[in-house]
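Please keep the sequence and the structure in view while reading.

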Amino acid sequence: MPAPAFRLDGRVALVTGASRGIGRAIALALARAGADVALAARKLPDLEAVAEAIRAEGRRALAVPAHLGRRPEIERLFEATLGTFGRLDVLVNNAGTNPVYGPLVELPEDAWDKLMALNVKGYLLAAQHAARSMTRAGRGVILNVASTAGLRASPGLGAYSVSKAAVIMLTRVLARELAPQGIRVNAVAPALIETRLSEALWKNPETLARYLASTPMGRTGQPEEVAEAVVYLCSDGASYVTGQTLVLDGGHLA
């Protein structure tokens, strides 16, 4: 069991992109640390499976199907969360997409728009809603899931890299703006984590070999390793940490 400073008992968290991968692992880790959790993603059956796992931990859970790149659905999500739990202490912006692979100069405009709407605009809109509620309470935490792709140019992943670089700066700006309201804003930047979103990379023998050769720990990461870092940043154990991006990469960028 986490030490008291790293517990989240009595708090309510909202995790987007929570139906699988990193988002699912984060939702479960927050619940194990004591939080009740609202879950958002597009497919309700997948969300309900995560909600049941959270209830099995003895915590309350709410599954809300929503497209996190669309304002009306984000508004409905926050209405449902606050209507059910009456408060919001933690927002984890995790929903994301990477629909294309190839040079930026060949990127279709609609692919760029789709990616930015979810990966960047969706984070901002959710943060705006969360900040309003947290400001009334005088405290709160916003945690954005970025990527090492936002810290170093990744050929073939140009649009995704740009979106994650934007998330990192969004984190820094929001942290400065919201600190006087008692709201901390941080990010995590995972490298290659074994999820469905990234399986085209870690299941490709050549790509995986190149990654492992340049990673001192010699392995990929697991969603649970990201989740534990998120629990720390959302807890009182990180009460003097804001505006930071914690890199989780096995030494890849070292």
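**Terms and model**

Buried means under 20% relative accessible area, exposed over 50%, and partly exposed in between (1.4 Å probe, protein chains only). The model is predicted: local features need pLDDT of at least 70 and side-chain atom pairs count only at pLDDT 80 or more, while totals for chains, interfaces and linings use all residues. Residues are numbered from 1 along each chain as its sequence is written, and side-chain values use heavy atoms, with hydrogens and water left out.

**Salt bridges**

A salt bridge is a side-chain nitrogen of Lys or Arg within 4 Å of a carboxyl oxygen of Asp or Glu. The count by this rule is 13. In one of them, D36 pairs with R60 at 3.2 Å, N to O. This pair links distant parts of the chain, 24 residues apart. D36 is buried at 7% relative accessibility, whereas R60 is partly exposed at 43%.

E73 and R76 also form a salt bridge, their closest N and O atoms being 3.8 Å apart. Both are partly exposed, E73 at 22% and R76 at 37%. R11, R139 and D236 are linked in a network of salt bridges.

**Nonpolar core**

A nonpolar core is a set of buried Ala, Val, Leu, Ile, Met, Phe, Trp, Tyr and Cys residues joined through side-chain atoms within 4.5 Å. The largest has 71 residues, and L39 and I54 are among those with the most contacts inside it. Another core, of seven residues, lies apart from it and includes L115 and L157.

Technical notes:
Helix = DSSP H or I, 4+ residues; strand = E, 2+ residues; numbered from the N terminus.
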